[in-house]
Amino acid sequence: AREAKLDLVTKHIKHFPDFPSKGILFRDICPILKDPGALTAVIDLFEEHVRQTHPQVELIVGLDARGFLFGPLLAQRLGVGFVLVRKKGKLPGPTVSVAYKLEYGEAAVEVQEDAVAPGEKVLLIDDLLATGGTMYAACELMKKQNAEVMGCMVVIELKELNGVEKLKPNTLFSLVQY
Ligand code: ADE
């Protein structure tokens, strides 16, 4: 059943050469969202992983923007809450942020100060791991809030960019690898 679900998910990923710039092969998860069976398969596979590996999880933390598509569905399945990690400047009230380097310049991720409790066991989720820069910054943000990061999860892992190395000591679970 797991293999059939992974097949269904893989079939609903589209590939766009030279988007958004020449030489980039863009992996598009939009067809997954358009197909209720494929979306259910994604959430089933994440749920199975979490129940087997991180049954103590207390909170799902999703990354801006496509982590917001899968995170709340998974959190609801697990009966835990969902928290948004956003790009700087989007969240109201007191926030905490962590800056990280981009190819050109800097960016920052941010969370509401009261969104995560000290010691809370959290799992981070996004659609795709590339270089791992944003996911690593989100892990640092959770640690700044004294949360316990249990791991990171993505639908797609781009292995040639070696984001797993950047994430260490945080761990990664991915459904599909390219
Ligand atoms: N984000 C970074 N690299 C990407 C890729 N190849 N496809 C989709 N999203 C990405």
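Which helix is the place of Glu 165? Glu 165 sits in helix H6, which covers residues 163-167. Keep in mind as you explore that this is a predicted model.

**Glu 165**

- Is Glu 165 buried or exposed? Glu 165 has 9 other C-beta atoms within 10 Å, and a residue counts as exposed when that number is 12 or fewer, so Glu 165 is exposed.

**Around the ligand**

- The residues around the ligand are Ile 24, Leu 25, Phe 26 and Arg 27, together with Leu 128, Ala 130 and Leu 158.
- Which strand gives the most to this shell? That is strand S2 (residues 25-28), with three residues.
- Sorted by class, the shell has six nonpolar residues, one charged residue and no polar ones.

**How helices are described**

- Two packed helices are described by two things: the angle between their axes and the distance between those axes.

**Helix H1 with helix H3**

- Helix H1 runs over residues 2-11 and helix H3 over residues 36-53; their axes come within 9 Å and cross at roughly 130°.
- That angle makes H1 oblique to H3.
- The crossing of H1 and H3 is left-handed.
- On the H1 side, the contact is made by Arg 2, Lys 5, Leu 6, Leu 8 and Val 9. H3 brings Gly 37, Ala 38, Ala 41, Val 42, Asp 44 and Leu 45 to this contact.
- The residues of the contact of H1 with H3 divide into seven nonpolar, three charged and one polar.

**Helix H3 with helix H4**

- H3 also packs with helix H4 (residues 67-78): the axes of H3 and H4 come within 10 Å and cross at roughly 55°.
- H3 and H4 are therefore oblique to each other.
- Is the crossing of H3 and H4 left-handed or right-handed? The crossing of H3 and H4 is right-handed.
- From H3, the contact uses Val 42, Ile 43, Phe 46, Glu 47 and Val 50. From H4, the partners are Phe 70, Leu 73, Leu 74, Arg 77 and Leu 78.
- In the contact of H3 with H4, eight residues are nonpolar, two are charged and none is polar.
- Look for Val 42 of H3: this residue is listed in the contact with H1 and in the contact with H4.

How values were computed: Residues are numbered from 1 along each chain as its sequence is written. This is a predicted model: local features need pLDDT of at least 70, side-chain atom pairs count only at pLDDT 80 or more; totals for chains, interfaces and linings use all residues. A residue is near a molecule or strand if its C-beta atom, placed from the backbone, lies within 6 Å of it. Helices (H or I, at least four residues) and strands (E, at least two) are DSSP runs, numbered from the N terminus. Ala, Val, Leu, Ile, Met, Phe, Trp, Tyr, Cys and Pro count as nonpolar, Asp, Glu, Lys and Arg as charged, and the others, Gly among them, as polar. Axes are lines fitted to C-alpha atoms, for helices over the stretch in contact, and angles run from 0 to 180 degrees between N-to-C directions. Angles under 35 degrees count as roughly parallel, over 145 as roughly antiparallel, 65 to 115 as roughly perpendicular and the rest as oblique. A crossing is left-handed if the near helix is turned anticlockwise from the far one by less than a right angle, and right-handed if clockwise. Two residues are in contact if their C-beta atoms, placed from the backbone, lie within 7 Å. A residue is buried if 20 or more other C-beta atoms lie within 10 Å of its own, exposed if 12 or fewer, and partly exposed in between; C-beta atoms are placed from the backbone.
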